[in-house]
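Open the structure in your viewer and keep the selection tool ready.

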Amino acid sequence: MAGDPVGSGLVASLARPDGNVTGLSVLSTDLAGKRLDLLRELVPGLRRVAIIGNVGNPVIAQELGEYQAAAHVLGLKAITSEIRRVTDIAPAIDALKGDADALYVCQDLLTFSNWNRINTLTLGARLPTMQASRESIEAAGLISYGPSFPDLSRRAADYVDKILRGAKPADLPVEQPTKFDLVINLITAKALGLEVPTTLLARADEVIE
């Protein structure tokens with residue numbers, strides 16, 4: 001699974017991968033507008049949104065650009081916060097205090113493996129935060145919207161089965177997610193003093209209480 005398999009050079013195109021690589025795209029760069037729009041619905045008067053990501057990862061560097069563009073379309077001021085290592089996380093979030101109304105965390109191995117640290121820091125900074133997957137908000141996270149990883153894992157098994165039966169990876173199109181999960185943590189919302197709109201709760205796939 002990859003965020004942007006074409007942009008990162010893994011495959012020639014989604015329809016015809018060529019080479020020996022195929023699989024599933026998590027479509028991370030195409031979700032920018034949707035995630036920021038959800039944040040705007042959740043955070044009253046949202047004007048300034050920070051986007052934090054590991055710029056040492058080329059896919060995340062591209063994703064940061066997508067979020068800046070999406071923020072501009074939505075009339076939001078985008079503040080880019082770049083990190084490269086674990087020790088960058090705390091100072092980056094601390095620097096956002098008073099400068100951002102909300103935060104989106106670009107997900108890769110660096111941020112995903114430190115989601116507990118990020119959630120603790122953002123809660124301490126009273127910064128509403130959107131993340132990419134349910135796993136990131138189980139403890140102290142606020143809201144996530146993204147592809148369902150259990151669903152993607154099941155679909156990945158279909159690829160393995162087809163290849164074991166003789167199919168060539170180059171002939172198997174890279175598929176995109178079909179199931180997306182919106183998860184909201186009401187405990188964190190209450191701690192941040194946010195009242196989640198009932199219209200948003202009604203659309204949620206899961207509400208943590």
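Searching the whole structure gives 1 cavity of 30 Å³ or more. A cavity here is a set of points on a 1 Å grid over the protein atoms alone where a 1.4 Å probe fits but cannot get out; a volume is the space filled by probe spheres set on the points, which are joined across faces, edges and corners. The model is predicted: local features need pLDDT of at least 70 and side-chain atom pairs pLDDT 80 or more, while totals for chains, interfaces and linings use all residues. Residues are numbered from 1 along each chain as its sequence is written, and side-chain values use heavy atoms, without hydrogens and water.

Select the lining next. Lining residues have an atom within 4 Å of a point; among them are Asn-119, Thr-122, Leu-123, Ala-140 and Leu-192. The space inside the largest cavity is about 40 Å³.

Now select residues 115-124, helix 5, which supplies the largest share of the lining, 3 residues. Helices are DSSP runs of H or I, at least four residues, numbered from the N terminus.

Within helix 5, pick Asn-119. Is Asn-119 buried or exposed? Asn-119 is buried, with a relative accessible area of 1%; buried means under 20% and exposed over 50% (1.4 Å probe, protein chains only).

Beyond neighbours within four places in sequence, Asn-119 has contacts (heavy atoms within 4.5 Å) including Gln-131, Ser-136 and Ala-140.

Definitions and conventions: 1 Å grid on protein atoms, 1.4 Å probe; cavity = no way out; pocket = protein on both sides within 12 Å on 5 of 7 lines; lining within 4 Å. Helix = DSSP H or I, 4+ residues; strand = E, 2+ residues; numbered from the N terminus.
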